[in-house]
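Have a look at the model first, then read on.

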Amino acid sequence: EQCLQLTKDRSELSLERAGILFDKGDLHLDMNDFGMALQCYQESFKIKMQKIGQSPAVVSTLLKIVRLHRIEENWEEALSFVKKALDVTERVYGENDDRVGDVLFELADIQFKMNRYMEAMNMFSECLEFRRKQSSDSRPDVAEALEGLGKVHLEMEDYEKAYQCLVEALEIRQATMEEEHPDTASTFHLLGVIERKLGDYERALHFLLSSLHIRKTQKEQGDTAMTLTEIGHVHMHLEDDFSAICCYEKSIDIVTQCYGKSDTRLIGIYLPLGNVKWKQGSVDEAKECYDIAVQISKIKNRKSHHDTGIVSRNLGFLQFQNKIYDEALENLENFVKLQEAAQAKKSANFVLALQFIGDIHKYQNAFDKASIALNTANKIYWNDKDLSREYPLLGDMLDRRLSEESNESNLASSSLFHRISEEITRFTDDNKFASDAAEIRDKEIKLMHSFVFES
């Protein structure tokens, strides 16, 4: 602060002042005072741009600003500054400098964090091609780009391509790094996730335990918690609920002790823990887990986060099953909004949520809203051939609901004689109707559970 005051007395736009601001930003960053750190770096950046223009000092300052926006999860700002950093890096160091590849990777990873998977895939591919041209295919930074590309394929459910990328990355890392390097643990972890997704739980545990063995020795324990959580997922699929709960609770303890009770990683742990509790019939405990996840997302302003949407969905399904309709409606509508914002409307979850929303509106006598929800679900379902082929039960459910809506509408507008006749017919078939309704309801609950417990 004294140095800054001295430089201010001489000139507010001196390079000396810019350097001191940069160093002060580093101190605030080390103290986790991210707001002050960002302010220092931004001031330093403005001075450097005015005094010396595009230069190595500007590149380093831009990347510090990117890092802080990543920490604070300000993804749009991070994306804007990393693009500036890429442009300046190419101008300062030349288009073939290794540092260009590093910024390309940073840009790709930010796109990935923003769920822009096609853009991320293109950028990781460009980074991989760039790095392969620079030197041999066995460099660690080539493995880094391969792993990034593998993560994108994993999120896009192209497990074969993801596996190929990750196996190649693992081979490079095992050949070029020490045996228990944290990067090797990362690749083991991702391979375990793929094997779980493919249903090979024995191989999944092999990879995940290999990752856990390395990560337990590292100072950074957040990754250990994530691998334990993934092992919990495997145990859940193996119907070993006790082991799954132990893994999730241990993960929660690690994250809470290391990062506090509001760390966003907890959202992705409380969510599956709530699923297991629901599966066991502990509805109150499941709701408590989901509620904690929702509260963390609100504290951290993570309304658009993928897990936040899934929590809203599961909480809404749970409340709908238990006939807590007002709260179910709020959570299901929140899930629908998040899916729409992410342009992910073509999913069975989305269609089922709209059907339940329609049921709730109908129960609340909001028939116009019910009609809108059901007709929207119907349009999405029948316009997607894959969806209608994979989930025929959803179509049966929609047909039944729309048929009931049509019959009630016709009954309301028919003559008194026809309405009496209709009521007599309905009364005569009451037992069969009740039996059919109960059977359909059971199928609906099973479908809902499959989305929750098998995800």
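Let's start with a charged cluster: Asp98, Asp102, Arg131, Arg139, Asp141 and Glu144 are tied into one network of salt bridges. Keep in mind that this is a predicted model. Across the whole structure there are 24 salt bridges, and a few of them are worth a look one by one. The general idea is simple: side chains of opposite charge can pair when their charged atoms come close.

**Salt bridges between separate parts of the chain**

- Arg132 pairs with Glu168 in a salt bridge, with 2.5 Å between the closest N and O atoms.
- That pair links distant parts of the chain, since Arg132 belongs to helix H7 (residues 117-134) and Glu168 to helix H9 (residues 159-176), 36 residues apart.
- Both ends are partly exposed: Arg132 has a relative accessibility of 28%, and Glu168 comes in at 29%.
- Glu239 and Lys279 also meet through their side chains, in a salt bridge with an N to O distance of 3.1 Å.

**A salt bridge within one helix**

- Asp386 and Arg389 form a salt bridge through their side chains, at 2.7 Å from N to O.
- Both residues are in helix H20 (residues 385-390), and because they are three residues apart there, about one helical turn separates them.
- Asp386 is partly exposed, with 47% relative accessible area, and Arg389 is exposed, with 59%.

**A negative patch on the surface**

- Which residues gather in a patch of negative charge on the surface? They are Asp326, Glu327, Glu330 and Glu333.
- Asp326, one of the patch residues, lies in helix H17, which spans residues 325-341.
- Asp326 is exposed, its relative accessible area being 60%. That clears the patch cut-off of over 30% relative accessible area, which also asks for no salt bridge.

**Cysteines**

- How many disulfides does a search of the whole structure find? The search turns up zero.
- As a reminder, a disulfide is a covalent bond between the sulfur atoms of two cysteines.
- Take Cys246: the closest cysteine sulfur to its own is in Cys247, and at 7.0 Å that is too far for a bond. The cut-off for a disulfide is a pair of sulfur atoms within 2.5 Å.
- Cys246 counts as partly exposed, with a relative accessibility of 37%.
- Cys258 is partly exposed too, with a relative accessible area of 43%.

**A buried isoleucine and its distant partner**

- Is Ile445 buried or exposed? Ile445 is buried, with a relative accessible area of 16%, and the cut-off for buried is under 20%.
- Ile445 is part of helix H23, which covers residues 430-453.
- The C-alpha atoms of Ile445 and Phe317 are 9.1 Å apart, although the two residues are separated by 128 residues along the chain.

Notes: Residues numbered from 1 in each chain as written. Predicted model: local features only at pLDDT ≥ 70, side-chain atom pairs only at ≥ 80, totals over all residues. Heavy atoms only, no water. Patch = residues over 30% accessible without salt bridge, like charges linked within 9 Å, V, L, I, M, F, W, Y side chains within 5 Å. Areas by Shrake-Rupley, 256 points an atom, 1.4 Å probe, with all protein chains shown as cover. Salt bridge = Lys/Arg side-chain N within 4 Å of Asp/Glu carboxyl O. Lys, Arg positive; Asp, Glu negative; His and termini not counted. Charge placed at Lys NZ, Arg CZ, Asp CG, Glu CD. Helix = DSSP H or I, 4+ residues; strand = E, 2+ residues; numbered from the N terminus. Buried < 20%, exposed > 50% of the residue type's maximum accessible area, 1.4 Å probe, protein only.
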